[in-house]
Amino acid sequence: MVKHTQENNFLESTLPDIIDWNSINWKNVQKYVDKLQKRIYRAESMKYDWKVKSLQRLLLQSKAVLLLAIKRVTQTNKGRNTPGIDGFRAANDRQRSKLFDLLKTMKIQLHRPKPALRRYIRKKNGKLRSLGIPAIVDRIYQEIVRMVLEPQVEVNFEPTSYGFRPKRGCHDALRRILYNIRGGQWSWVFEGDFKSCFDTLSHDFILNKIKGFPLQNLVDKFLKAGYVNNNLFHNTDEGTPQGGLLSPLLANIALNGMEEVLEISYKEANHRGNSYFRTKGKYRMVRYADDFLIFAKSKEDIEAIYDILNPYLEDRGLELADDKTRITHISEGFDFLGFNFRRYRTKDGFIHLSKPSKDSIRQFKSKVAEICNQLRGHNADELVKRLNSLIIGTANYWKASSAKKTFSNMDHYLWFITFKFLQRLHNNKGKRWIKSKYYPPYYDGKHFGNWVLTGPKENNHLIKMSWTPIKIHKMIKHNHSPYDKSKNDYFENRQYSC
């Protein structure tokens, strides 16, 4: 039975008994959930275990967390229109309201998850990656578990972990790598990758890490729910399926602890009134989900990593992928998250730069060519619209690196392939005619040129990558978390990307 606390009364005043989806005050719903999440984070940071569990139960019993989970799963998330094994989708507000009215009467602790629907997507190396697509109700409950559990485990996550964490991302990992290699001392690199990480993680290890969590039994059920592939049911005795909303968090919980085995520690220091954390130990690291890098000053230290990681791997049921794990020197360069990191010799000494990797550039060109082939016979306006979306997204990702020359090269490639597209579209017209129709003089107050592709019907312009300024990303501070109430001002003023 839910106790009538001040928070519950506040929430009930914002929600009518019969839910009209369009009348819900989402700002208040989010505010209520945020408030409890920050209280959970604070209680965990102070080691008040009893208070953590009490606050988690309070959040679980609220209507707000259920409403927010339904909204995210059925309206916000990318896979909202993809049904699970039961084929059910909540595609409109009426169905969402009915779903809420049904689930608010049910106890989440007693839920029995359905098997995930197995699908496959092709990876950049040509191999297939398996995805487990849970049913809509299972996704909603997974999102609830994530919202309740994440504030607790965020307290103890490592500062150098950046994947699938709130307000952290790949650009933070990029800056951390450059920070590690910039002086030239940490010049040996262990490029690590786990073999089938999400498919082989130990269930017992994960469950032991969340011991005492009010929904531990439900997490166990999700892990053992199995999957259906080609109408055949398969048990899951290990691993956490990619595609589930809870899987990234469970993977982070399992993979946490690498800094400990590497004996990496931090000491708070102060420089001219600014506090920072100094890293201690003979290793440095960066982890993004199941990809990680370890840095050392000597070849002997970096070669010792294989033995050092053995206990870490065995506890979690993991192995290193032989084809992706290797030792390199920064003078040779290495790829990570679509960027290449390398030491370059100049007349003034050495510099350390990150640039878009060759694979990343190749993928971009492939997507451009695919769009041009898909739109063969369509007008130029549609081509400009589709390509601009890809160009903007890619440029915003690459702009945190030394990508100025890459931007220029991609502009030339885009001009070449779009001009070929126009020649096929008007195969009986000459180059001068195409130039006069599609490339009028362009000036928008900041950029000008005579070779900017312009759609004649909607007058929309193909954006040039070189118009995107290079912008150095400011790395998130140490272990700062948006669940920490004392860091509210920091996150309100911080620009997050990636």
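**Exercise 1. Determine how the lining of the second largest cavity divides by class, and which residues and elements supply it.**

Solution. Step 1: the lining of the second largest cavity has 3 nonpolar, 3 polar and 3 charged residues. Here Ala, Val, Leu, Ile, Met, Phe, Trp, Tyr, Cys and Pro count as nonpolar, Asp, Glu, Lys and Arg as charged, and the others, Gly among them, as polar.

Step 1: the residues that line the second largest cavity are Thr-160, Arg-176, Asn-180, Glu-259, Ile-264, Tyr-266, Thr-279, Arg-284 and Met-285. Two or more of the lining residues come from each of α7 and β8 (284–288). Helices (H or I, at least four residues) and strands (E, at least two) are DSSP runs, numbered from the N terminus.

Step 2: the second largest cavity holds about 40 Å³ of space. On a 1 Å grid over the protein atoms alone, a cavity is a set of points where a 1.4 Å probe fits but cannot get out, and a pocket is an open set with protein on both sides within 12 Å along at least five of seven lines; lining residues have an atom within 4 Å of a point. Grid points are joined across faces, edges and corners, and a volume is the space filled by probe spheres set on the points.

The model is predicted: local features need pLDDT of at least 70, side-chain atom pairs count only at pLDDT 80 or more, and totals for chains, interfaces and linings use all residues. Residues are numbered from 1 along each chain as its sequence is written, and side-chain values use heavy atoms, with hydrogens and water left out.

**Exercise 2. State how many cavities of 30 Å³ or more the whole structure has, and describe the largest cavity.**

Solution. The largest cavity has a volume of about 90 Å³.

Step 1: the lining of the largest cavity comprises 8 nonpolar, 1 polar and 2 charged residues. Among them are Asp-411, Trp-415, Tyr-439, Leu-453 and Lys-464.

Step 2: Leu-453 belongs to the loop between β15 and α19. Leu-453 is buried, at a relative accessible area of 2%; buried means under 20% relative accessible area, exposed over 50%, and partly exposed in between (1.4 Å probe, protein chains only). Although Leu-453 and Trp-415 are 38 residues apart along the chain, 8.1 Å separates their C-alpha atoms.

**Exercise 3. Describe the second largest pocket by its volume and its lining.**

Solution. Step 1: the second largest pocket contains about 810 Å³ of space.

Step 1: its lining has 26 residues, and Tyr-179, Tyr-276, Met-475, Ile-476 and Lys-477 lie nearest the centre of the pocket. By class, the lining of this pocket has 10 nonpolar, 10 polar and 6 charged residues.

Step 2: at least two lining residues come from each of α7 (170–181), β6 (265–271), β7 (274–280) and β13 (349–356). The largest share, 5 residues, is supplied by β7.

**Exercise 4. Is helix α11 mostly covered or uncovered?**

Solution. Step 1: helix α11 (residues 247–255) has 8 buried residues out of 9, and is mostly covered. Leu-249, Leu-250 and Ile-253 are among the buried residues.

Step 1: just after α11, Gly-257 adopts a positive phi of about 120°.
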